[in-house]
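Dear colleague,

I am handing over the structure below, and after it I set out what was found. Please read the notes with the model open beside them.

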Amino acid sequence: MCGCSCDDCIDSVCCCIPDAICSKIKTCLCVLGVAVAVCAVITGVVMLLAYGLPPRDVKITVDDASLTRFALVSTPTTALAYNLTVALTVRNPNWALGIKHDKPLEAAYSFDGQRFDRVKVADEGGKLGARKTVVYRLASGSADGRSVALGNAGEAEFRKQNATGAFEVEVALTGKFKYKLRYTKCKMEATCKLKLQLAPPGTTAVVFQKVKCELAKQEDKYC
């Protein structure tokens, strides 16, 4: 009646269409179906790699630091008067997962195991995109001194290091964050051990060797 065989085609499409055209339609539909299936598989693999596997750890380094004052003072308790600047770099190496700070990121400064100050690095809600790097430039100090419980051993260690003009200061980072599209809260904790040559104001800048910070082990496999 129509010059084609509806048994070989989809009834609603091919009736009254010549066999040659009907065959081409079938071929196009098959190719389209295969293309959609391949795209779905590729999308699934990409989503799995991006969001289903454990992410790579953030990278934290101290790229530069300067100590222009570091002295023991009595107020009447033992205290440290200091001026310290730190260029702290945080890099997110993941190619699809951005991060968001769930708690403020803070840095605590310690000498001989005793903390003498703490500063805020990043606010709660701050974000760092995938494959992005941010540099936090921290500047802090105290002319009158920050109380620190060094004890006799700590004061002896200070005098020892003061004689060389080089001080060992530890920067401990603490915070929590979440990866994009994930609900797990991850720790952002790291320890950066610095050896700083005292450079009083007006003196030639001291060369600083970049320090790679040691990350604390995550408790959750999806962190």
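Strands, as the word is used here, are DSSP runs (E, at least two residues), numbered from the N terminus. This is a predicted model, in which local features need pLDDT of at least 70 and side-chain atom pairs count only at pLDDT 80 or more, while totals for chains, interfaces and linings use all residues. Residues are numbered from 1 along each chain as its sequence is written, and side-chain values use heavy atoms, with hydrogens and water left out.

I begin with the largest pocket. A pocket is found on a 1 Å grid over the protein atoms alone, as an open set of points where a 1.4 Å probe fits, with protein on both sides within 12 Å along at least five of seven lines, and its lining residues have an atom within 4 Å of a point. The largest pocket has a volume of about 150 Å³, a volume being the space filled by probe spheres set on the points, which are joined across faces, edges and corners. Its lining is made up of Gly98, Ile99, Lys100, Lys127, Leu128, Gly129, Lys178, Tyr179 and Lys180, and strand 3, strand 5 and strand 7 each supply at least two of the lining residues. Sorted by class, the lining holds 3 nonpolar, 2 polar and 4 charged residues, where Asp, Glu, Lys and Arg count as charged, Ala, Val, Leu, Ile, Met, Phe, Trp, Tyr, Cys and Pro as nonpolar, and the others, Gly among them, as polar.

Next come the salt bridges, each defined as a side-chain nitrogen of Lys or Arg within 4 Å of a carboxyl oxygen of Asp or Glu; by this rule there are 5. One of them joins Lys185 and Asp102 at 3.4 Å, N to O, and this pair links distant parts of the chain, with Lys185 in the loop between strand 7 (166-179) and strand 8 (186-187) and Asp102 in strand 3, 83 residues apart. Another is formed by Asp117 and Arg146, whose closest N and O atoms are 3.4 Å apart; because Asp117 lies in strand 4 and Arg146 in strand 6, the pair ties together parts that are 29 residues apart in sequence. Asp117 is buried, with a relative accessible area of 13%, whereas Arg146 is partly exposed at 36% (buried means under 20% relative accessible area, exposed over 50%, and partly exposed in between, with a 1.4 Å probe and protein chains only).

As for the interior, a nonpolar core is a set of buried Ala, Val, Leu, Ile, Met, Phe, Trp, Tyr and Cys residues joined through side-chain atoms within 4.5 Å. The largest such core has 44 residues, of which Ile60, Val62, Phe70, Leu88, Tyr109, Phe116 and Leu194 touch the most other members. Elements that give two or more residues to this core include strand 1 (59-74), strand 2 (78-91) and strand 9 (190-197). Leaving aside neighbours within four places in sequence, Leu194 is in contact (heavy atoms within 4.5 Å) with residues including Val62, Phe167, Val169 and Phe208.

With best wishes

Notes: Helices (H or I, at least four residues) and strands (E, at least two) are DSSP runs, numbered from the N terminus.
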